[in-house]
Amino acid sequence: MPDRRSVRLTCTLNGRRLSLDAHPMARLLDVLRQQAGLTGTKEGCGEGECGACSVLLNGRLANSCLTPFAHADRATIVTIEGIASGDDLHAVQEAFLECGGAQCGICTPGIVLAAVDLLERTPHPTEHDVRAALAGNLCRCTGYMRIFDSVLEACRRLSASRA
Amino acid sequence: MEAPQIGRSVHRKEGRAKVTGQALYVDDVAPAGLLHGVTVRSPTARGIIKGIHFHPTVDWDEFTIVTAADIPGVNRVKLILDDQPYLASDVVNHPEEPVLLIAHRDRARAEDARRRVTIDIEPLPAVFTIDDALARREIIWGEDNTFKRYRVNKGDVDAALAAAEIVVEGEYETGAQEQLYIEPNGMLAIADRAHGVTVWGSMQCPYYIHTALAALFGIPAQRIRVVQMETGGGFGGKEEYPSIIAGHTALLAWKSGRPVKMIYGRVEDMASTTKRHPSRTRHRTAVDRDGRLRAMDIDFIIDGGAYCTLSPVVLSRGTIHAAGPYSCPNVRVTGRAVATSAPPHGAFRGFGAPQSIFALERHMDRVAAAAGLSPEEFRRRNFISSGETLAVGQTIREPVNMPALLDRALALSHYREKRERFARENARGGKSRKGIGLASFMHGAGFTGSGEVHLRSLITVEVSREGAVRVLAASTEIGQGTNTIFSQIAADALGIDCDDIEVARPDTLDVPNSGPTVASRTCMVVGKLVETAARGIRHTLVDSGYLSVLYDREHFRAACERYVDAFGALRATSQYQPPSGVTWDDEQYVGDAYGTYAWAVYVAEVTVDLTTWETRVDDFVAVQEVGKVINPTLATGQIEGGVAQGIGWALYEDVVWREGRMANAQMTNYIMPTSMDLPSIRVYFEEVPYPNGPAGAKGIGELPMDGAAPAIFNAVADATGAHPTHLPLTPERLMSAMETIGA
């Protein structure tokens, strides 16, 4: 909600430079959903436990419910809407479809971002690496097994496309 | 003709929208002029409302305020006994009971205003435990604090117990469990006298809400419209409570004349909405020297909270499952649902069965030991087979082969080798102990007893002139795969591809009432209706001469075009009919409790840390027979997710109560399993087609919730020699269980 105490900050959001107005202590989650209209970032708990609100902030996975808008200043932010290239899904998204990594879908945006983040830093993760990378993202539907499969399948697809 | 779609892991229909963040949940939409609604709740467990005070620093004229006096129709949630008010007016019966509603265009202002309303309550004595409810020093509901009683009786239990060589007694308790769908509850409503009431939201059962709103507003049902948005998990938690949230949101919209959205915060959702019923089960079991069950005397009690809501039907399923997949000549099960001053407990995956099955399967290990048999050999001697009769008088007609499921589970888990090895290794000492344990169980699919007959579920399949097929049903997609399996079933019945099938969004304006999305009924019961209606379309096209017996997609489209041009529309409706020979007597509580059962044997392997008393599950094998598997990836995901919830219930998920209020209503201190906590969950299916299910499928969703907890407890007993009986098995509880055996 722009008000007297709003500040205007410029950031790069999903590859596009733009300015946003909000209170500096507004939650980045709310600014993304309400000002930027990017509702793919979800709120599950509002206290940094569930990871449904995960975004990539300057290349690091962050809970946007705990991130003040002030941190968006000159930042590079990637949300779930910035993962696919047009109609072409990212390998992680394709693998989630193939392996059943998404059920109800509410944790999926955050988990896809956590997986993309993992595979960017660790192109050949072990199952333990996958488990550790997803430890901040709760899923109540899957029991995580299909998600682990999805991430490892995405890793294979990315390796094959690099080869 | 297209290749069969059933049996293939077809991609989730709405999967692309979900992995790209495009799927719209209720909080993702915000119509112009929107107000945000909040609920002011009782701070007290039980008492008389003396007054409501509005803090004078707030300009209340800016807010829409709704109390019980604003309700146009009946202030009772229409369900079973209709005893729960939407808004308390004179008395409150549990903490967090809704008293007042507030709406404002600024969500933060509405939230702030909520804290500036004080409800004065003169406290009355409250009841917080099953024991206190039974003691009846304070009567808080009806004449005796009891919502419902059931009694199952087979043979002569008293005579068999009196004559028995070995009698084993035990008492088991389970705590409440929060469903913890990751999307909190939420609704959006537009309502006024001219247009009626429309709500969009997160829900499992659109027609439950539809019926409830018609009574709340006292307007004809055709002026109510309920639309399901994408729903971020339910597990039973969005079965009955959404009727209240829909009602509240619509009341605010009705009074303000503006669209109103009400999104629960996590704390409010956990503290105020339903949870799994806590339970206490007592067993007295007679067994002979050959290890054959002679009598089972079971007393099963669930804590229903302050209002009746769904407790009678939760109790019914728990009571019927209490004696398990065993053949026993003398069985008595007494089931009771009692009232306490907690928010009402409600539907949660398994619906009473996980509670009674936990008690039974933990107890069976102790009976086996008393009979001098291993847990697996004792069960093998007592498994029910086809032609034998369950305690409620249901004769098992379909093939059932529990020994084969047991053998496969034992082999896949290396049960015998590990049991021996762990015993040797544990004897050497060290800082941890390992154990392996099992549970064998069944789960009935569909509504209990005559429920499906009363529901008379209805679905429609319609085909456009261009050959586009739509399945119209009120059954909701909540992550479990409704859209996808309905497409597969309809595609095979029509001989076309899944991609040519659309499953309509549940909107009561469009879809007939196919019943609630609960009770493992969507695939088996509603899926069968989809199959029947789609076959009806195909037969219509073939019989009318527009389609030959063998055809391809283009032939199908051409036939639809010719049919629609000739007759105007192509649609078929199918309504539930009980399979022949399936009967149930509500009065006597005997008969075919379920159309059929899924059967399973689960094995858990654990490590117990003797320093911290933490239990870790190292491996989990789940073997089940669920009829034909429609979609292997989705079915496997159902089992894995259910087992994960079972592991959470067994070990981590501890609802802490203070005076009827959940004290740990946050994800920070209510602990569900993370990716680091779970073992590999290894899932195996036996497929024995069930003649009355679509392509032979049975229900699947609830089954996996039943077996994890008792298998884990039995594994902990194997590891430590303790007799843990109280769930969840937190380190504190395990430590005290160890102290009782002098370890």
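Predicted model: local features only at pLDDT ≥ 70, side-chain atom pairs only at ≥ 80, totals over all residues.

User: Is B:Cys560 buried or exposed?

Analyst: B:Cys560 is buried, because its relative accessible area is 0%.

User: And B:Cys498, which cysteine sulfur is closest to that one?

Analyst: The closest is the sulfur of B:Cys523, at 13 Å. A disulfide requires the two sulfur atoms to be within 2.5 Å, so 13 Å is too far for a bond. B:Cys498 also counts as buried, with a relative accessibility of 2%.

User: How many disulfides are there over all chains?

Analyst: There are zero disulfides over all chains of the structure.

User: What reaches the backbone nitrogen of B:Cys498?

Analyst: The side chain of B:Gln5 does, at 3.2 Å.

User: Where is B:Gln5 placed in chain B?

Analyst: B:Gln5 belongs to the segment that precedes helix H1 (15-19) of chain B.

User: Does that glutamine count as buried or exposed?

Analyst: B:Gln5 counts as buried, because its relative accessibility is 2%.

User: Which residues does B:Gln5 touch?

Analyst: Leaving aside residues up to four places away in sequence, B:Gln5 touches B:Val10, B:Gln488, B:Ala491, B:Asp492, B:Ile496, B:Asp497, B:Cys498 and B:Ile630.

User: Turning to chain A, in what order do the strands of the open sheet run?

Analyst: The order is S2-S1-S5-S3-S4, five strands in an open sheet with mixed pairing. Strand S2 (16-22) and strand S4 (60-63) of chain A stand at the edges; each has a single partner strand, so one side of each is left without a neighbour in the sheet. From one strand to the next, the twist averages 40°.

User: How many bridges join S1 to S5 in chain A?

Analyst: Two bridges join strand S1 (residues 7-13) to strand S5 (residues 76-78) of chain A, and these strands run parallel. A:Leu13 has A:Ile77 in S5(A) as its bridge partner.

User: Which strands does helix H1 of chain A lie across?

Analyst: Helix H1 (residues 28-35) of chain A lies across S1, S2, strand S3 (54-57) and S5 of chain A, and runs at about 110° to S2(A).

User: And what of helix H3 of chain A?

Analyst: Helix H3 (residues 108-121) of chain A lies across S3, S4 and S5 of that chain, running at about 35° to S3(A).

Notes. Residues numbered from 1 in each chain as written. Chains lettered and ligands numbered in written order. Heavy atoms only, no water. Helix = DSSP H or I, 4+ residues; strand = E, 2+ residues; numbered from the N terminus. Buried < 20%, exposed > 50% of the residue type's maximum accessible area, 1.4 Å probe, protein only. Polar contact = N/O pair within 3.5 Å; in protein donor to acceptor, adjacent residues only side chain to side chain. Contact = heavy atoms within 4.5 Å. Pairing = 2+ DSSP bridges. Axes fitted to C-alpha atoms, helices over the stretch in contact; angles between N-to-C directions.
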